[in-house]
Amino acid sequence: MVVAGIWLTGTASVALAQAFGIDAIQAYAGTWKTETEHFDTPYSKAGREASMLRNECWKNGGFFACNQYVNGESKALIVFTYNNKDKTYTTYPILAGGGAAGKGKLVIDGNVWTYPWENTEQGKTTYFRVVNVFTAPGKIEYRQEFSTDNQMWTLMAKGTEVKE
(Lines give C-alpha, C1' and ligand atoms only; values in the text may rest on other atoms or scores of the structure.)
Protein backbone atom coordinates (compact mmCIF):
# COMPACT_ATOMS: atom_id res chain seq x y z
CA MET A 1 0.00 0.00 0.00
CA VAL A 2 1.06 3.60 -0.39
CA VAL A 3 0.92 6.29 2.25
CA ALA A 4 1.49 9.84 1.02
CA GLY A 5 3.29 8.46 -2.03
CA ILE A 6 5.46 6.02 -0.01
CA TRP A 7 4.96 2.26 -0.27
CA LEU A 8 3.87 1.02 3.12
CA THR A 9 3.00 -2.58 3.70
CA GLY A 10 1.85 -4.72 6.50
CA THR A 11 -1.12 -6.66 7.74
CA ALA A 12 -2.39 -8.55 10.73
CA SER A 13 -5.47 -10.27 11.91
CA VAL A 14 -8.89 -8.90 11.15
CA ALA A 15 -9.32 -8.45 14.91
CA LEU A 16 -6.29 -6.15 15.07
CA ALA A 17 -7.52 -4.30 12.00
CA GLN A 18 -10.70 -3.52 13.91
CA ALA A 19 -8.93 -2.31 17.08
CA PHE A 20 -9.82 1.16 18.24
CA GLY A 21 -7.84 4.39 17.93
CA ILE A 22 -4.07 4.45 17.71
CA ASP A 23 -3.90 0.81 18.88
CA ALA A 24 -5.30 -0.30 15.49
CA ILE A 25 -1.92 0.48 13.90
CA GLN A 26 -0.44 -2.54 15.70
CA ALA A 27 -1.81 -4.49 12.71
CA TYR A 28 1.30 -3.40 10.75
CA ALA A 29 3.90 -4.92 13.09
CA GLY A 30 5.82 -7.94 11.85
CA THR A 31 7.25 -9.48 8.69
CA TRP A 32 5.19 -9.83 5.53
CA LYS A 33 5.56 -11.48 2.15
CA THR A 34 4.03 -9.22 -0.51
CA GLU A 35 3.11 -9.91 -4.10
CA THR A 36 1.97 -7.10 -6.38
CA GLU A 37 0.68 -6.92 -9.93
CA HIS A 38 0.99 -3.48 -11.56
CA PHE A 39 -1.11 -2.41 -14.54
CA ASP A 40 -0.28 -0.08 -17.42
CA THR A 41 -1.94 3.30 -16.72
CA PRO A 42 -0.84 6.92 -17.03
CA TYR A 43 0.49 6.59 -13.45
CA SER A 44 1.89 3.05 -13.43
CA LYS A 45 3.69 0.52 -15.59
CA ALA A 46 2.70 -3.12 -15.97
CA GLY A 47 4.75 -5.65 -14.06
CA ARG A 48 4.98 -7.94 -11.06
CA GLU A 49 7.03 -7.77 -7.92
CA ALA A 50 7.51 -9.64 -4.67
CA SER A 51 9.08 -8.25 -1.50
CA MET A 52 9.76 -9.08 2.08
CA LEU A 53 8.75 -6.31 4.42
CA ARG A 54 9.45 -5.93 8.08
CA ASN A 55 7.73 -3.30 10.17
CA GLU A 56 9.34 -2.69 13.55
CA CYS A 57 6.57 -0.81 15.32
CA TRP A 58 6.05 0.69 18.74
CA LYS A 59 3.58 2.88 20.58
CA ASN A 60 4.55 5.72 22.90
CA GLY A 61 1.82 7.95 24.28
CA GLY A 62 -0.41 9.13 21.45
CA PHE A 63 2.07 8.15 18.74
CA PHE A 64 2.55 4.90 16.88
CA ALA A 65 5.66 4.53 14.72
CA CYS A 66 6.88 1.88 12.30
CA ASN A 67 10.42 1.62 10.93
CA GLN A 68 9.80 -0.09 7.60
CA TYR A 69 12.39 -2.41 6.05
CA VAL A 70 12.04 -3.52 2.42
CA ASN A 71 14.09 -6.60 1.57
CA GLY A 72 16.25 -5.95 4.64
CA GLU A 73 16.89 -2.23 4.05
CA SER A 74 15.34 0.47 6.27
CA LYS A 75 13.32 2.69 3.91
CA ALA A 76 11.03 4.88 6.01
CA LEU A 77 9.86 5.73 9.48
CA ILE A 78 6.10 6.22 9.46
CA VAL A 79 4.55 8.01 12.43
CA PHE A 80 0.80 7.68 12.99
CA THR A 81 -1.41 9.89 15.14
CA TYR A 82 -5.10 9.61 16.03
CA ASN A 83 -7.54 12.39 16.85
CA ASN A 84 -10.21 10.88 19.10
CA LYS A 85 -12.44 13.96 18.77
CA ASP A 86 -13.03 13.60 15.02
CA LYS A 87 -11.88 9.92 14.72
CA THR A 88 -9.16 10.71 12.15
CA TYR A 89 -5.71 9.25 11.58
CA THR A 90 -2.76 11.20 10.21
CA THR A 91 0.45 9.68 8.84
CA TYR A 92 3.91 11.24 8.61
CA PRO A 93 6.35 9.21 6.49
CA ILE A 94 10.00 10.17 6.89
CA LEU A 95 12.33 8.73 4.24
CA ALA A 96 15.60 7.14 5.32
CA GLY A 97 17.59 9.30 2.87
CA GLY A 98 16.23 12.55 4.22
CA GLY A 99 14.02 15.14 2.61
CA ALA A 100 10.82 16.70 3.83
CA ALA A 101 8.41 14.52 5.79
CA GLY A 102 5.05 14.08 4.16
CA LYS A 103 1.60 14.16 5.68
CA GLY A 104 -1.15 11.73 4.79
CA LYS A 105 -4.53 10.52 5.91
CA LEU A 106 -5.81 7.09 6.90
CA VAL A 107 -9.51 6.20 7.05
CA ILE A 108 -10.37 3.01 8.93
CA ASP A 109 -13.83 1.52 8.49
CA GLY A 110 -13.85 -1.93 10.10
CA ASN A 111 -11.49 -4.17 8.15
CA VAL A 112 -11.13 -1.69 5.25
CA TRP A 113 -8.26 0.79 5.56
CA THR A 114 -8.02 3.54 2.92
CA TYR A 115 -5.13 5.94 2.32
CA PRO A 116 -6.40 8.79 0.09
CA TRP A 117 -4.33 11.61 -1.41
CA GLU A 118 -4.47 13.93 -4.38
CA ASN A 119 -2.14 15.67 -6.76
CA THR A 120 -2.83 18.91 -8.66
CA GLU A 121 -0.84 19.82 -11.75
CA GLN A 122 -1.68 22.64 -14.15
CA GLY A 123 -5.03 23.16 -12.40
CA LYS A 124 -6.08 19.52 -12.80
CA THR A 125 -6.55 17.36 -9.70
CA THR A 126 -6.04 13.61 -9.78
CA TYR A 127 -7.17 11.55 -6.79
CA PHE A 128 -5.33 8.48 -5.58
CA ARG A 129 -6.00 5.88 -2.93
CA VAL A 130 -4.76 2.62 -1.58
CA VAL A 131 -7.48 0.35 -0.22
CA ASN A 132 -6.47 -2.46 2.13
CA VAL A 133 -8.97 -5.15 3.05
CA PHE A 134 -8.03 -7.40 5.96
CA THR A 135 -9.61 -10.64 4.70
CA ALA A 136 -8.39 -13.17 7.27
CA PRO A 137 -5.96 -13.38 10.18
CA GLY A 138 -2.54 -12.49 8.74
CA LYS A 139 -3.79 -11.63 5.25
CA ILE A 140 -4.59 -8.42 3.42
CA GLU A 141 -5.73 -7.80 -0.15
CA TYR A 142 -4.93 -4.34 -1.45
CA ARG A 143 -5.37 -2.21 -4.49
CA GLN A 144 -3.98 1.13 -5.66
CA GLU A 145 -6.28 3.30 -7.78
CA PHE A 146 -6.60 6.75 -9.34
CA SER A 147 -9.54 8.89 -10.40
CA THR A 148 -10.06 12.21 -12.16
CA ASP A 149 -13.48 12.79 -10.56
CA ASN A 150 -13.08 11.06 -7.15
CA GLN A 151 -15.92 8.68 -8.11
CA MET A 152 -14.83 6.38 -10.98
CA TRP A 153 -11.58 4.58 -10.09
CA THR A 154 -8.93 2.99 -12.34
CA LEU A 155 -6.88 0.11 -10.96
CA MET A 156 -3.11 0.74 -10.95
CA ALA A 157 -2.00 -2.24 -8.86
CA LYS A 158 -3.34 -5.03 -6.71
CA GLY A 159 -1.81 -7.59 -4.45
CA THR A 160 -1.69 -9.60 -1.29
CA GLU A 161 0.32 -9.46 1.90
CA VAL A 162 0.71 -12.49 4.11
CA LYS A 163 2.26 -12.48 7.56
CA GLU A 164 5.31 -14.74 7.81
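The following legends accompany an overall view and several close-up views of a predicted model.

In this model, local features need pLDDT of at least 70, side-chain atom pairs count only at pLDDT 80 or more, and totals for chains, interfaces and linings use all residues. Residues are numbered from 1 along each chain as its sequence is written, and side-chain values use heavy atoms, with hydrogens and water left out.

**View 1. Overall organisation of the protein.** From the N terminus on, the order of elements is β-β-α-β-β-β-β-β-β-β-β-β-β. Of the 164 residues, 40% count as buried; buried means under 20% relative accessible area, exposed over 50%, and partly exposed in between (1.4 Å probe, protein chains only). The protein exposes about 8700 Å², of which carbon and sulfur atoms supply 50%; accessible areas come from the Shrake-Rupley method with a 1.4 Å probe, and for residues only the protein chains shown count as cover. Among contacts (heavy atoms within 4.5 Å) between residues at least 6 apart in sequence, 40% join residues at least 24 apart.

View 2. A disulfide is a covalent bond between the sulfur atoms of two cysteines; here the term is applied to a pair of cysteine sulfur atoms within 2.5 Å. The count by this rule is one disulfide. Cys 57 is joined to Cys 66 with an S to S distance of 2.2 Å. The link of Cys 57 and Cys 66 is right-handed, with 110 degrees about the S-S bond. Cys 57 counts as buried because its relative accessibility is 19%, and Cys 66 likewise counts as buried, at 1%.

**View 3. The loop holding Gln 122.** Gln 122 lies between strand S9 (112–121) and strand S10 (124–136). Although Gln 122 is not a glycine, its phi is positive, at about 50 degrees. Its relative accessible area is 87%, so Gln 122 is exposed.

View 4. Asn 150, a residue other than glycine, has a positive phi near 65 degrees. Asn 150 counts as partly exposed, because its relative accessibility is 42%.

**View 5. Asn 84 and Gly 21.** Asn 84 belongs to the loop between strand S6 (73–83) and strand S7 (88–95). With a relative accessible area of 43%, Asn 84 is partly exposed. Asn 84 and Gly 21 are 63 residues apart in sequence, yet their C-alpha atoms are 7.0 Å apart in space.

Key
Helix = DSSP H or I, 4+ residues; strand = E, 2+ residues; numbered from the N terminus.
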